Amino acid sequence: MKNLTIAIDGPAASGKSTTAKLVARRLGLTPIDTGAMYRAVTLKVLRLGINPEDEAKVVEVANKTDIWQECKNGVLKTYMDGEDVSEEIRTPEVSRYVSVVAKYPGVRKHLVEIQRKLAKQGGVVVEGRDIGTYVLPDADIKVFMKASLEERVRRRLAELKAKGVKVSAEEIRKELETRDRIDSSRAFAPLKPAEDAFVIDTTNLTIEQQVEKIIQKVHEKFGDEDP
Ligand code: CDP
């Protein structure tokens with residue numbers, strides 16, 4: 001499946017990242033996490049002490065930031081100006097501001113250029129918010145993953161607890177609701193399913209079931225041939 005392009009979009013904690021990595025492994029493709037790129041720019045903005053609401057400054061920083069991603073031995077790493085920031089971009093502080101930074105067209109254009117360059121290599125599973133609608137409108141398979149807010153709060157809480165981060169369910173609920181609202185209502189490339197996307201409600205599905213549904217779609221469309 002070396003030239004296949006799969007786009008997976010959906011709101012925060014809908015299961016995209018885990019699913020994208022597992023689908024990629026099953027099909028011998030490379031996963032690309034575009035959310036991590038918006039997070040990396042946000043991390044830089046915060047480190048520099050710039051107010052995320054200052055669009056002009058944030059866009060200036062984004063345009064001077066070199067972002068790269070690489071998957072080695074099944075582990076996806078995100079680099080910002082050559083530094084591995086894969087862990088640091090997951091902090092609650094970055095999560096709090098990332099949707100503000102991601103709504104600026106100037107930030108998006110810079111990152112979309114990088115995303116398209118990475119995807120051009122072919123054989124990729126790209127996850128984000130606007131992949132099927134804007135970044136890769138010609139993707140072979142488009143998936144939109146959703147889940148109830150309750151279930152997404154539960155998943156994100158478990159994920160952060162496992163990492164030893166102390167947050168309450170209420171704080172997570174607020175963060176997810178705010179991000180959903182900003183991501184869905186922004187003017188430039190908002191979060192929404194592409195018209196030709198296959199929508200999966202993952203509320204009551206296990207990770208294995210989610211992965212299986214996407215693999216099934218690939219086989220329905222391509223059989224066992226190598227697209
Ligand atoms: O992992 P989680 O579901 O929390 O979110 P993420 O995929 O890391 O994305 C973080 C944020 O980046 C989102 O809430 C969006 O504001 C932004 N994002 C975006 O605008 N476009 C994308 N293609 C990917 C992420």
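**Note on the ligand shell and salt bridges**

1. The shell around the ligand is made up of ten charged, five nonpolar and four polar residues. This is a predicted model, and the points below should be read with that in mind.

2. There are 19 residues around the ligand, and those that come nearest are Arg39, Arg108, Asp130, Arg156 and Asp183. Helices H2 (34–47), H4 (92–102) and H8 each give the shell at least two residues. H2 accounts for the largest share, with four residues.

3. In threonine 34, an N or O atom of the side chain is 3.0 Å from a nitrogen atom of the ligand. With arginine 129 the backbone takes part: one of its N or O atoms lies 3.1 Å from a ligand nitrogen. Arginine 186 uses its side chain, where an N or O atom is 2.9 Å from an oxygen atom of the ligand. On its own the ligand has 530 Å² of accessible area, and the protein covers 98% of that.

4. Over the whole structure, a search finds 21 salt bridges. One of them joins the side chains of lysine 142 and aspartate 196, at 3.2 Å from N to O. Lysine 142 belongs to strand E7 (residues 141–146) and aspartate 196 to the loop between helix H8 (169–185) and strand E8 (198–201), so this pair ties together parts 54 residues apart in sequence.

5. Helix H7 (residues 149–162) holds both glutamate 151 and arginine 154, which are three residues apart, or about one turn of the helix. Their side chains meet in a salt bridge with an N to O distance of 2.8 Å. Glutamate 151 is buried, at 14% relative accessibility.

6. The side chains of arginine 156 and glutamate 159 meet at 3.3 Å, N to O. These residues also lie three apart in the helix, about one turn. Arginine 156 is buried, with a relative accessible area of 14%, while glutamate 159 is partly exposed at 39%.

Terms used
Residues numbered from 1 in each chain as written. Predicted model: local features only at pLDDT ≥ 70, side-chain atom pairs only at ≥ 80, totals over all residues. Heavy atoms only, no water. Salt bridge = Lys/Arg side-chain N within 4 Å of Asp/Glu carboxyl O. Buried < 20%, exposed > 50% of the residue type's maximum accessible area, 1.4 Å probe, protein only. Near = heavy atom within 4 Å. Polar contact = N/O pair within 3.5 Å; in protein donor to acceptor, adjacent residues only side chain to side chain. Areas by Shrake-Rupley, 256 points an atom, 1.4 Å probe, with all protein chains shown as cover. Nonpolar A, V, L, I, M, F, W, Y, C, P; charged D, E, K, R; others polar.
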